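Please look over the sequence and the model shown here.

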Amino acid sequence: MATVHDAESAQSRRSRSQKSLRRAQRQQIIGLLMIGSALLLFVAPWIAGYPDTAKDAHRNELGVGVIVLLIAGARFIWYPGKWPDLVVLLAGAWLIASPWVLSLQKTAVFDGTQVIDVVVGIVLVVLAGVSLLMLKLSERHGDRQ
């Protein structure tokens with residue numbers, strides 16, 4: 001009888017260990033993709049060849065990049081809840097809208113800025129959405145810490 005209990009206990013530990021490993025892998029993959037997006041925002045002026053007049057667009061990208069980089073780095077330290085993902089979602093939405101918002105303010109916006117901002121914004125919105133969906137599914141299946 002003790003061996004049956006020990007086998008069930010070992011299987012339960014193995015199942016919890018596998019769930020924990022899957023959760024960590026998901027968080028790390030999304031975190032790495034977010035870090036890559038933030039780094040792309042940092043080097044965007046050199047990739048797209050921004051003119052000197054597009055400084056506001058570059059500051060915007062740097063600000064969003066720093067926020068995303070900090071949140072993505074935090075994913076490697078602890079298991080985030082929904083709030084960091086919502087911040088990344090809002091940052092991505094802002095990046096999508098920012099070229100037009102900045103141009104309405106009579107700020108010089110380079111066409112390369114629009115392309116990079118919209119593409120990275122879409123990537124961030126998708127990553128945050130996937131992360132929120134995975135969080136919801138893990139809560140539904142009792143996979144959360």
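**Briefing**

Val-87 is partly exposed, with a relative accessible area of 36%; partly exposed lies between buried (under 20%) and exposed (over 50%), using a 1.4 Å probe and protein chains only. This is a predicted model, in which local features need pLDDT of at least 70, side-chain atom pairs count only at pLDDT 80 or more, and totals for chains, interfaces and linings use all residues. Residues are numbered from 1 along each chain as its sequence is written, and side-chain values use heavy atoms, leaving out hydrogens and water.

**Val-87**
- Val-87 is found in helix H3, a helix being a DSSP run (H or I) of at least four residues, numbered from the N terminus.
- Leaving aside residues up to four places away in sequence, Val-87 touches Ile-67 and Ile-71, where contact means heavy atoms within 4.5 Å.

**Salt bridge**
- The whole structure has one salt bridge, meaning a side-chain nitrogen of Lys or Arg within 4 Å of a carboxyl oxygen of Asp or Glu.
- Asp-85 pairs with Arg-75 in a salt bridge, and their closest N and O atoms are 2.8 Å apart.
- Asp-85 lies in helix H3 (residues 82–104) and Arg-75 in the loop between helix H2 (55–74) and H3, so the pair ties together parts 10 residues apart in sequence.
- Asp-85 and Arg-75 are both buried.

How values were computed
Helices (H or I, at least four residues) and strands (E, at least two) are DSSP runs, numbered from the N terminus.
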